[in-house]
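Biologist: I would like a close look at a single part of this protein, followed by an account of how that part sits within the rest of the chain. Please take the time to connect the pieces.

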Amino acid sequence: MKWTKMLIQTLRETPADAEIDSHKLLVRAGLVRKVAGGLYSYMPLGMRSLKKIQQIVREEMDRAGAQEIVMPILQPAELWKTTGRWDAMGPNMFKLRDRSEREAALGPTAEEEVTDFIKGIVSSYRQLPVTVYQIQWKFRDETRPRFGLMRSKEFLMKDAYSFDVDADAADKSYWNMYHAYERIYERCGLKAVPVQADGGDMGDSLTHEFHVLADAGEDGIAWCPKCGYAANLEAAEKRFEPCAAEPCTEPLAEAPTPAKTIEDMVKFFGVGPEKMAKTLVYLADGKPVMFCVRGDRELNEVKAKRLVCAKTFALADFSTVREVTGAPIGYAGPVKPKIDVPIYADLELEGASGMLTGANLDGEIDYKNVDFARDCKIAKYADITIAQAGDKCAHCDGTLEIKRGIEVGQVFKLGTKYSKAFNAVYKNDALEEKVMIMGCYGVGVSRTLQAIIEQSHDKDGIVWPASVAPFQVVIDLLDPQEAEVAQVASDLEAALEAAGIDTLVDDREERPGVKFKDADLIGFPVRVVVGAKGLKSGGVEIKRRDEDKTKTRIVAPEAALDAIRQALGQSKS
RNA sequence: CGGAGCGUAGCGCAGUCUGGUAGCGCGUUUGCUUCGGGAGCAAAAGGCCGCGGGUUCAAAUCCCGCCGCUCCGACCA
C-alpha cells in the first residue's frame with residue numbers, strides 16, 4: 001500500500017483534550033478522530049489495528065471451541081425487564097422508543113439477549129455444553145467518558161457466554177476461557193495479569209479481571225510480589241495481626257474536640273490516626289447501619305455492602321446521621337448511638353482499646369479511652385476496609401503493594417441468575433428439567449487497542465507489537481521522483497506482500513526527517529529506508545522500532561526480504 | 001449530579017479585563033531553493049469568533065439564556 005493513496009493524517013501538536021500518553025498518540029498518529037465526548041471514528045490506520053486484535057480474539061475463541069454469532073445492538077426492553085436490570089442499570093444504559101412507543105436499549109452487554117437466544121435453541125443435555133461469542137459494539141451512557149477509547153460511550157467488545165449442565169462443567173468452561181484470554185493478550189503483545197475481583201451483585205461468584213498494569217489505569221490492584229497474589233482493591237484480602245492492646249484501665253471519658261476530620265484530630269490530640277476510629281453511617285436497603293474503621297483506613301463499600309447483604313447501599317445523608325447518632329456531623333462513634341442500629345467494625349478494631357472516637361453526644365465531643373470490648377456493642381467484626389500498601393498478604397508472609405491497572409477483560413461465573421430468570425432449562429437423561437449454568441467472558445477490544453499503546457510507547461511515538469501494528473513494515477522511500485529508486489521500493493513491497501507481510505510505502509514528496517518522524521510516531525515495527533544515496537553505497541537500511549536509532553543494518557535489496565523477516569521475528573511478538 | 005475552566009481557520013493558541021479593520025504558529029495550495037531526523041524564501045486560500053436574545057452609533061469583547069467540551073469529585077453489571 002502506498003502512503004499517498006491512504007487517508008493518513010498525523011498531527012505534530014498534541015490534542016488539547018488528551019490527558020494520557022496513549023490517548024495523545026491515538027490521535028496524533030492518526031488512528032482515531034474524536035466525534036464528540038466519548039465517541040470516536042476510526043481512521044484507516046486505527047481500523048487496521050482494531051481488525052487485527054479482533055482477528056486474534058476470534059481465532060482464540062474459535063480455538064477454545066466457542067462459536068461466533070451476532071445479536072442486535074438494539075435490545076427490546078422486555079429482555080431487561082425480565083431480570084429487573086431495566087431499572088437496575090439505571091441511567092448507565094441508553095434507552096429509547098421506536099415510533100410505536102416500544103421501549104428498547106442500546107446494549108451495554110448481552111446476558112439477557114443471549115440467554116433468551118440459547119433458551120429458544122437448546123432443550124437437551126446433548127446440546128451442551130455450548131459457548132457462543134460475538135464481537136459487537138456496546139453502549140454505555142458513561143457519567144464521565146475520558147481517556148479516549150479507555151472509557152467511551154461506544155466501544156467494541158467481545159462477549160462470550162457459556163452454558164453448562166452443572167457446576168463442574170461450568171468450571172471447565174470458565175478455565176477454558178481463562179486460558180484463552182491468556183493466549184489472546186500474549187498474542188497482542190500485552191502483559192495482562194489476571195486478578196481476583198469482586199463478584200458484584202452475583203455474590204461470591206468466582207471472577208478474574210485481566211489488567212494491564214499502567215500508571216494511567218483506573219483500577220487499584222493489590223499485588224503480593226512474593227506469592228503473586230493479585231486482586232482488585234475492592235476484593236483484596238489482607239492478613240490481620242491480632243490486636244496487641246491491653247484492656248483499657250482508664251475509664252471512658254468525654255473529650256471536647258474542635259476537630260471533625262481525622263487529619264484535624266491528629267493535629268489537635270497529637271496522636272496517630274491508628275489510635276482513632278471513624279464511624280460512618282450508611283443506608284442499607286433504606287435502613288441505617290454503622291461501620292467503624294481505624295482512622296488510617298478507608299471503608300471498602302463493596303465489602304461492607306456484601307456484609308449486610310444489601311441491594312441498595314449508600315452513605316446516609318446528614319439529617320439521617322444526626323438522627324441516628326444524636327451528634328453533629330463528624331462526631332459519630334461506636335459507643336451507644338442515639339438509635340440502636342447494627343454496628344459493624346473492622347477486624348483491626350477487635351480488642352482495640354485506648355481509642356479516640358466520636359461520642360454520639362449533642363456537641364463537639366469525642367470519647368477517649370474507648371475499649372471496643374468494654375464500651376461498644378459490635379454486631380460483627382469483619383474485613384471491611386480497603387487494602388493499603390504495606391498490608392500483609394493473606395496468602396503468604398509477603399507485603400502487599402498497590403498498583404494501577406487497565407481492565408482489558410473479565411471472566412465471570414454467572415451461575416443461574418439469568419437462566420433462572422428466563423427459565424433456560426434443558427432435559428437431562430432422566431427427562432428432568434434442569435437450569436443451565438452460565439458464565440460470561442468479555443474482552444474490551446477497543447480498550448485493548450489503547451492499552452497496548454499505553455504499555456508500549458516511547459517519547460517518539462507508538463512501539464507496536466508486530467501482531468497488531470497497522471502495517472508490519474514501512475518502507476521510507478526517500479527519493480520517490482527517481483524511477484529506479486522507486487522501483488526498488490515497489491519491488492520490495494511486492495515481495496513482502498507476497499510473503500504475507502503487510503507493508504506501507506511512504507512515497508510522499510517529503511523530506512527524510514518528516515518521514516522518519518512519522519514512522520516513529522505511528523510506530524511500525526520495522527522500518528526500511530530506500531534512498532538513492534543508500535543504494536549507491538550498498539543497499540537498503542533496516543531498523544526495528546523497538547531498538548536504538550543507531551542500530552541499523554544495510555543490506556542489498558535482494559537480501560532485504562530475509563533480513564526484514566528476521567527483524568520482525570526479533571521484534572516484540 | 002456537585003465544583004472549576006474553556007468554546008476564535010483543519011490542529012494548537014493570542015485577542016475579551018479596558019467595545020472600534022479578525023490575528024499568530026503548525027497544517028493546506030502554488031513557485032523557487034533545499035533534501036538522511038518535523039527546511040528556507042515568496043505568494044495565496046481558508047472564519048456565522050459555539051448558538052439565541054439583549055445593551056450600544058458600533059459586540060469575539062458587556063449582560064441574560066442555552067448548547068458543547070475538558071479537568072477534579074461523586075458514579076462505574
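Which exposed residues does helix 16 carry on the face turned away from its buried side?

Modeller: The model is a predicted one, and what follows should be read with that in mind. The face of helix 16 that is turned away from its buried side carries the exposed residues D562, Q566 and G569. The helix itself runs over residues 560-570, and its buried residues are A560, A563, I564, A567 and L568.

Strand 30 is itself mostly covered, with 4 of its 5 residues buried. Strand 30 pairs with strand 29 in the antiparallel sense over 4 bridges, and V526 has R544 in strand 30 as its bridge partner. Strand 30 also pairs with strand 31, again in the antiparallel sense, here over 3 bridges, and V540 stands opposite V555 in strand 31.

To place this part in the chain, the domain assignment gives domain 1 as 26-236 + 403-449, domain 2 as 253-382 and domain 3 as 461-570. The centres of domain 1 and domain 2, taken over C-alpha atoms, are separated by 38 Å. Chain A holds 16 helices and 31 strands, and its C-alpha trace spans about 95 × 70 × 50 Å along the principal axes. Of its 573 residues, 53% count as buried, and among the contacts in chain A with a separation of 6 or more, 69% are between residues 24 or more positions apart.

Turning to other sheets for comparison, one open sheet is formed by 5 strands in the order 16-14-15-17-20, with mixed pairing. Strand 16 (313-315) and strand 20 (380-382) stand at its edges, each with a single partner strand, so one side of each is left without a neighbour in the sheet. Neighbouring strands of this sheet are turned by 30 degrees against each other on average, direction ignored. Within the sheet, strand 14 (residues 277-284) and strand 15 (residues 287-294) run antiparallel and are joined by 8 bridges, and the bridge partner of L280 in strand 15 is F291.

Another open sheet consists of 3 strands in the order 13-19-18, and its pairing is antiparallel. Its edge strands are strand 13 (253-256) and strand 18 (355-358), each of which pairs on one side only, while the twist averages 35 degrees from one strand to the next. Strand 18 and strand 19 (residues 365-370) pair in the antiparallel sense over 3 bridges, and here M355 stands opposite V370 in strand 19.

In one of them, the rings of F268 and F269 have their centres 5.0 Å apart and their planes at 85 degrees, so the pair is edge-to-face. F268 counts as partly exposed at 42% relative accessibility, and F269 also counts as partly exposed, at 25%. In the pair of F291 and F313, the ring centres are 5.8 Å apart and the planes stand at 70 degrees, so this pair too is edge-to-face. F291 lies in strand 15 and F313 in strand 16, so the pair ties together parts that are 22 residues apart in sequence. F291 is buried, with a relative accessible area of 0%, and F313 is buried as well, with a relative accessible area of 15%. Ring pairs also link Y174, W175, Y178, Y181, Y185, F210 and Y441 into a cluster.

To return to the part you asked about, helix 16 has the buried residues A560, A563, I564, A567 and L568, whereas D562, Q566 and G569 are exposed on the face turned away from them.

Definitions and conventions:
Residues numbered from 1 in each chain as written. Chains lettered and ligands numbered in written order. Predicted model: local features only at pLDDT ≥ 70, side-chain atom pairs only at ≥ 80, totals over all residues. Heavy atoms only, no water. Pairing = 2+ DSSP bridges. Helix = DSSP H or I, 4+ residues; strand = E, 2+ residues; numbered from the N terminus. Axes fitted to C-alpha atoms, helices over the stretch in contact; angles between N-to-C directions. Buried < 20%, exposed > 50% of the residue type's maximum accessible area, 1.4 Å probe, protein only. Domains from an automatic or database assignment. Phe/Tyr/Trp six-rings, centres within 6.5 Å; stacked < 30°, edge-to-face > 60°. Contact = heavy atoms within 4.5 Å.
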